[in-house]
Structure formats: structure tokens, C-alpha cells
Amino acid sequence: MNLCDRDTIRALLERHGFRFSKSLGQNFLTDPQIPADIAAASGADENCGVLEIGPGIGPLTAELARRAGKVVSVELDRTLLPVLAETMAPFPNVEIVQGDVLRLDLGALAVEKFRGLTPIVCANLPYNITSPALQKFVETSCFRSVTVLIQKEVAQRLSAPQGSPEGGAFSLFLQYHMETEALFEVPRDKFLPAPKVDSAVLRCVRRDRPAVEVSDEAFFFKVLRGAFLLRRKTLVNSLSAALPGRDKASIQAAIEACGLHSSVRGERLTLRDFAALAEALREKPGI
Ligand code: SAM
């Protein structure tokens with residue numbers, strides 16, 4: 001069955017009485033080359049256990065199953081379960097788990113399902129859960145890589161060079177743990193129904209150790225997030241708002257001690273700058 005053929009998709013879904021849900025981000029791929037390219041980009045092979053989110057009717061699941069040792073696909077929409085039972089029947093290494101990826105214990109799932117395999121993530125993500133899902137994949141440290149189809153602008157932001165205005169706190173959080181790269185674009189007309197935006201594949205590979213060394217990770221991220229709290233303001237003003245109880249002069253002194261200009265904005269800083277700034281702020285009294 002060609003799971004990307006529009007007529008096949010419509011007939012299959014009609015037979016199962018399925019209706020597309022906008023709130024579940026249900027935009028299904030209609031070009032077989034795209035799931036094949038995404039699965040290839042994930043690097044999945046027989047040594048990998050792939051966690052897929054939102055299999056839909058299974059076009060990417062099938063491509064992953066052809067390459068990986070095992071595929072576990074988490075689907076929230078119960079009405080897709082009988083569809084997947086039919087379309088995934090030829091793939092004994094695919095297991096469907098009904099649930100909300102944001103509520104599952106993914107570490108425990110990987111231990112239970114991927115014994116002896118290297119866990120990775122690969123998915124055409126529903127747009128509305130992109131950030132919390134990515135955060136969860138990063139925080140579940142067993143996943144060696146994450147390859148996802150997401151909104152194009154988000155993929156560009158998350159792979160933006162450090163210190164460029166396109167980036168942000170979440171881009172830097174991701175890049176602290178992972179090397180990120182935007183691979184290729186997928187135009188909106190390749191989906192059924194067509195979304196309002198174009199998409200792109202983002203590939204993230206976990207670093208052996210974080211991009212910079214910090215002595216207090218919680219404080220480092222407090223400073224990093226604080227720098228973007230008032231995005232249009234200078235770093236000193238944004239940090240003054242984010243770190244109540246700390247006087248502006250000591251923040252200014254710490255910024256200058258790192259060799260940064262006193263009127264710099266948070267978006268101009270690299271992870272290395274933030275690491276130095278967090279250390280300088282820790283050393284000043286009144287933290
Ligand atoms: N993989 C299919 C494809 O590429 O054609 C469908 C991708 S579609 C963009 C997103 C899928 O994620 C839908 O099947 C939707 O039901 C499912 N989904 C939405 N929210 C979810 C969640 N919180 N947990 C698991 N699956 C979810």
C-alpha cells in the first residue's frame with residue numbers, strides 16, 4: 001500500500017471513519033520520498049531503537065521499520081489505532097503505544113522497549129508540541145539523536161549560529177546539549193491537509209559533553225533565560241528584571257568583566273559568553 005498516495009489515504013481513512021483533527025496537528029505526508037529521506041537522515045540502522053511520535057497512518061514508521069532494529073511509535077489519537085493495525089501489519093518490528101508523548105516516561109519506555117539497541121528519536125512532529133517535545137527528548141539523556149520535521153522557521157531558529165538574532169534561550173538550551181543542523185525543507189503542499197506553513201527537517205546529535213563547562217548548571221540557565229526575558233532591552237536591563245535582589249551595577253560590572261559591551265543585548269551572546277557571565281555573576285556578592 002502506498003501510504004503517501006492521496007487517494008489511498010482518503011479511501012483508507014474513510015473506511016475507518018477517521019476525521020482529521022487540527023488540534024492534534026494531523027497533517028499527513030503525501031510524497032513517499034520525504035519519509036524515506038527523513039528516515040535516512042535519522043541514521044537509523046539495525047542497532048537502533050527508534051522512538052517515533054505521531055505515526056498517523058504510518059508512512060515514516062514503515063521507512064524506519066525497514067532500517068531500524070525496532071520502532072516504537074507513540075500515537076495519541078485512538079481512532080488511528082485500527083488504521084495502524086492494518087498498515088503496519090507487514091512490519092513485525094513496529095510497536096504502537098497509545099498515549100501522549102508529553103505525559104509518558106520516555107526513559108522508562110526506552111529501557112523497556114530498546115534493550116541492547118541505541119535509542120534515537122525520529123518524527124514528523126505535530127507543530128503545537130514542538131518545544132515541549134524537543135525539551136523532553138533532550139532531557140531524556142538516553143536518546144543519541146533527534147531527527148524531526150517541524151515548522152521551517154523553528155528549525156532555522158533552533159539551528160541558528162550562537163550570538164545571532166534568530167536564536168533564543170531555547171535554541172541555546174538545545175545547542176548546549178546537542179549539535180543542531182537544519183537539513184532540508186518540505187513545502188506545505190506535500191501534506192494532507194496542507195498546513196499554513198512550510199516545514200524543515202532538524203537533526204540534533206547529542207554531544208559527548210555539554211558545549212561549555214559550567215560549575216552551576218541551574219544558575220547558568222537562570223542567567224541564560226534571564227537574558228532573553230526582556231528581549232528588546234539590553235542584557236543588563238533584562239538580567240536586572242530576571243535576577244531580583246541583585247543590583248544593576250554588579251550586573252553591569254560582571255558583563256564588562258567578560259569583555260562584553262555594556263549595552264549588548266542577550267541575543268548577541270554565545271554559550272561561551274553565558275558560561276563566563278554566569279561565573280562572573282556567581283563571584284559577585286548579592287547573588
Ligand atoms: N507521521 C505521520 C506523517 O508523517 O504523515 C503523521 C504526522 S502528523 C504531523 C502528527 C501526528 O501526531 C498525528 O498522527 C497526531 O495524531 C499525533 N499526535 C498529536 N499530538 C500527539 C501527542 N501529544 N502525542 C503523541 N502523538 C500525537
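**Exercise 1. Find which residues come nearest to the ligand in this predicted model.**

Step 1: Start with the shell, where a residue counts as near if one of its heavy atoms lies within 4 Å of the molecule. It holds 23 residues, and Gln26, Gly54, Glu75, Asp100 and Asn124 come nearest.

Step 2: Sort the shell by class: twelve residues are nonpolar, seven polar and four charged. (Ala, Val, Leu, Ile, Met, Phe, Trp, Tyr, Cys and Pro count as nonpolar, Asp, Glu, Lys and Arg as charged, and the others, Gly among them, as polar.)

A quick word on the ground rules: residues are numbered from 1 along each chain as its sequence is written, and side-chain values use heavy atoms, with hydrogens and water left out. Local features need pLDDT of at least 70 and side-chain atom pairs 80 or more, while totals for chains, interfaces and linings use all residues.

**Exercise 2. Work out how far polar atoms of Gln26, Gly56 and Asn124 are from ligand oxygen atoms.**

Step 1: Look for polar contacts, here pairs of N or O atoms within 3.5 Å.

Step 2: Take the side chains. Asn124 has an N or O atom 2.8 Å from a ligand oxygen, and for a polar side-chain atom of Gln26 the distance is 2.9 Å.

Step 3: Now the backbone: a polar atom of Gly56 sits 3.4 Å from an oxygen of the ligand.

How values were computed: A polar contact is a pair of N or O atoms within 3.5 Å; within protein, one must be able to donate a hydrogen and the other to accept it, and residues adjacent in sequence count only if both atoms are side-chain atoms.
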